[in-house]
Amino acid sequence: MKRALAAAALLAAALLSGAAAPTFDWKLPPGVAPPPVPADNPMSEAKVELGRRLFYDADLSVDGTLSCASCHEQHRGFAEGNATRPGVHGTPGRRNVMGLANVGYLTPLTWADPGQATLEAQFSTPVLGDTPIEMGMKGQDAELVRRLSADACYRRMFAAAFPGDREGVTVAKAAKAVAAFQRTLLSWDAPYDRYRRGEGAALSPPALAGLAVFEAKGCPSCHAGPNFTDGRFHAVAAPAGQDRGAVEKTANPADANSFRTASLRNAALTGPYLHDGRALTLGEAIVGHWGAGDGFASGELAALDAFLASLTDTSFVRNRRFALPKRFCGAPRRR
Amino acid sequence: MRAPILFAVLLTTVAAPGLAQEPPSRPACAVTDDSSIPPELSGWKTRSPLAAAGTAGDVAKAALPIGQGVDATLKALADVAFPVLPAKPGGSVSYGGLYLLKIAQAGDYQVSLGTGAWIEVVRDKTLVESKAHGPGPACSSLKKTVVFPLKAGTYVLEITGNGEPTLALLVHRKG
């Protein structure tokens with residue numbers, strides 16, 4: 001099994017390699033390929049720094065109350081602790097906030113939209129979208145540019161991130177910068193990862209037993225590959241409410257109530273679970289899958305518990321490179 | 001996952017109270033109804049205006065009465081100097097301010113808010129970690145509550161990321 005997992009990782013690496021900018025230091029462990037990068041948005045430290053600042057800036061919301069980080073909290077694996085999160089006007093959220101660990105490798109990106117294939121394009125959904133209203137900036141592109149341009153440090157950061165471009169601050173460039181930052185949210189240091197890299201002691205005997213249970217019960221048929229998602233849409237939970245899943249975008253009846261397989265990276269931190277956050281615990285989420293009910297022996301459950309806990313990457317949730325910056329352009333932030 | 005599962009070991013989500021003030025979604029309410037606000041929050045219904053301070057030096061002029069609600073008059077964030085930077089900064093277009101909390105008796109104190117604004121309680125340049133948070137009663141004007149364990153002494157309440165220049169606010173001792 002260990003060899004099979006290693007082979008899967010190498011295959012993923014081979015499939016994804018070659019697209020990243022060769023000069024960018026991804027700070028990856030040996031043998032792990034960087035995520036693919038669009039040709040029109042090459043990585044640079046300056047762009048990532050800008051994207052990180054924007055990610056934590058509530059000026060991306062209409063009334064200055066919400067940033068990307070309001071819903072994507074680092075200590076939760078960049079997920080959020082509520083079932084759904086209301087937008088700036090109090091409009092109820094529709095779907096559970098997904099974690100962002102290794103999001104640069106994932107496509108499609110969201111619960112139920114096969115068209116959400118790039119982080120650059122996805123930026124507009126929370127910031128400018130209105131189904132539901134999240135950050136509330138629809139029609140406010142000029143205002144967003146005004147806010148950012150009013151800050152001399154931001155002007156310098158945009159110039160450094162997009163050298164040779166004289167257009168100044170634009171929403172499209174903000175989207176590219178945030179996407180670049182998100183691609184650096186790499187999580188490859190969970191005990192499970194260290195085990196895959198040859199540290200046999202990284203997984204406890206119960207976790208190893210849990211890995212065997214995970215494989216034997218067929219979990220990887222959907223929670224597949226290094227990020228534990230096949231990137232496909234499945235109807236695995238009982239319908240609830242008005243959310244019909246991917247069929248809303250595809251109009252294909254086969255996609256009714258289908259949602260993308262969630263990654264299990266940092267799963268112990270990213271609850272609540274399922275597309276609407278109905279499951280408060282991983283146990284509830286598993287039981288919430290179709291067909292659940294009479295499966296594991298108690299020993300197997302404890303082992304599976306240990307295995308899922310081994311997917312938590314504490315260095316990822318504590319990494320200061322991903323945290324709210326303390327300084328901008330060399331000066332301490334003031335608000 | 002195709003296999004049937006009875007998962008006896010339930011993994012609970014990890015709570016970090018000091019970093020976990022974000023409010024959950026609630027169904028939209030056609031009418032605001034404060035009748036469900038509990039009696040211990042009676043001060044919520046009889047609020048008086050009180051201007052926030054912009055600096056720690058001025059905060060003595062903005063002492064919050066414990067148990068008595070106020071309609072906080074906040075400042076543009078550019079005019080606020082936080083003693084300790086909030087963990088979640090508001091945007092430049094949002095509002096915030098500082099208030100003084102004089103705690104005579106140690107205990108758990110609940111800060112109740114009419115919006116989802118971010119708050120911190122600071123003493124001697126150190127943030128006090130909250131111990132609980134939650135929404136207000138459904139469809140009421142009280143949107144968010146955060147509980148802090150406080151000892152007797154003087155604290156600064158920092159408010160940031162409020163979308164409007166005013167904010168309904170109440171601090172009361174629990175229990």
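User: Are Phe78(A) and Phe316(A) buried or exposed?

Analyst: Side-chain values use heavy atoms, with hydrogens and water left out; residues are numbered from 1 along each chain as its sequence is written, while chains are lettered from A and ligands numbered from 1 in the order in which they are written. Buried means under 20% relative accessible area, exposed over 50%, and partly exposed in between, with a 1.4 Å probe and protein chains only. Under this rule Phe78(A) and Phe316(A) are both buried.

User: What is the angle between the ring planes of Phe78(A) and Phe316(A)?

Analyst: Rings of Phe, Tyr and Trp (its six-membered ring) pair if their centres lie within 6.5 Å; planes under 30 degrees apart count as stacked, over 60 as edge-to-face, and the rest as tilted. Over all chains, the structure holds 13 such aromatic pairs. Phe78(A) and Phe316(A) form an edge-to-face pair, with 5.7 Å centre to centre and a plane angle of 65 degrees.

User: How many residues apart are Phe78(A) and Phe316(A)?

Analyst: Helices (H or I, at least four residues) and strands (E, at least two) are DSSP runs, numbered from the N terminus. Phe78(A) is in the loop between helix H3 (68-71) and helix H4 (119-122) of chain A, and Phe316(A) is in helix H14 (residues 314-318) of chain A. The pair links distant parts of the chain, and the separation is 238 residues.

User: What is the phi value of Phe78(A)?

Analyst: Most residues other than glycine have a negative phi, and most peptide bonds are trans. Phe78(A) has a relative accessible area of 0%. Its phi is positive although the residue is not glycine, near 65 degrees.

User: Which elements do the buried residues of H2(A) pack against?

Analyst: The buried residues of H2(A) include Lys47(A), Leu50(A), Arg53(A) and Phe55(A). The charged end of Arg53(A) sits over the ring of Phe328(A), 4.1 Å from its centre; the rule is NZ of Lys or CZ of Arg within 6 Å of the ring centre and within 35 degrees of the ring normal. Contact means heavy atoms within 4.5 Å. The partners of the buried H2(A) residues, all in chain A, are H3, H6, H7, H8 and S3.

User: Is the disulfide of Cys153(A) and Cys329(A) right-handed or left-handed?

Analyst: A disulfide is a pair of cysteine sulfur atoms within 2.5 Å, and the sulfur atoms of Cys153(A) and Cys329(A) are 1.9 Å apart. Cys153(A) lies in helix H7 and Cys329(A) in the loop between strand S3 (327-328) and strand S4 (331-332), so the pair ties together parts of chain A that are 176 residues apart in sequence. Cys153(A) is buried at 9% relative accessible area, whereas Cys329(A) is partly exposed at 34%. The torsion about the S-S bond is about 90 degrees, so the disulfide is right-handed.

User: What is the torsion about the S-S bond of Cys29(B) and Cys139(B)?

Analyst: A disulfide joins Cys29(B) to Cys139(B), S to S 1.9 Å. Cys29(B) is partly exposed at 36%, and Cys139(B) is partly exposed at 29%. The link is left-handed, with a torsion of -80 degrees.

User: Which proline is joined to Thr131(A) by a cis peptide bond?

Analyst: One cis peptide bond joins Thr107(A) and Pro108(A), with omega about -5 degrees. Another has omega about 0 degrees and joins Thr131(A) to Pro132(A).

User: Which residues of chain A keep a pLDDT under 50?

Analyst: Chain A averages a pLDDT of 90, and 92% of the residues score at least 70. Where pLDDT is low, the predicted coordinates should not be read in detail. The stretch in chain A that stays under 50 is residues 1-21.

Terms used: Predicted model: local features only at pLDDT ≥ 70, side-chain atom pairs only at ≥ 80, totals over all residues. pLDDT = per-residue confidence, 0-100.
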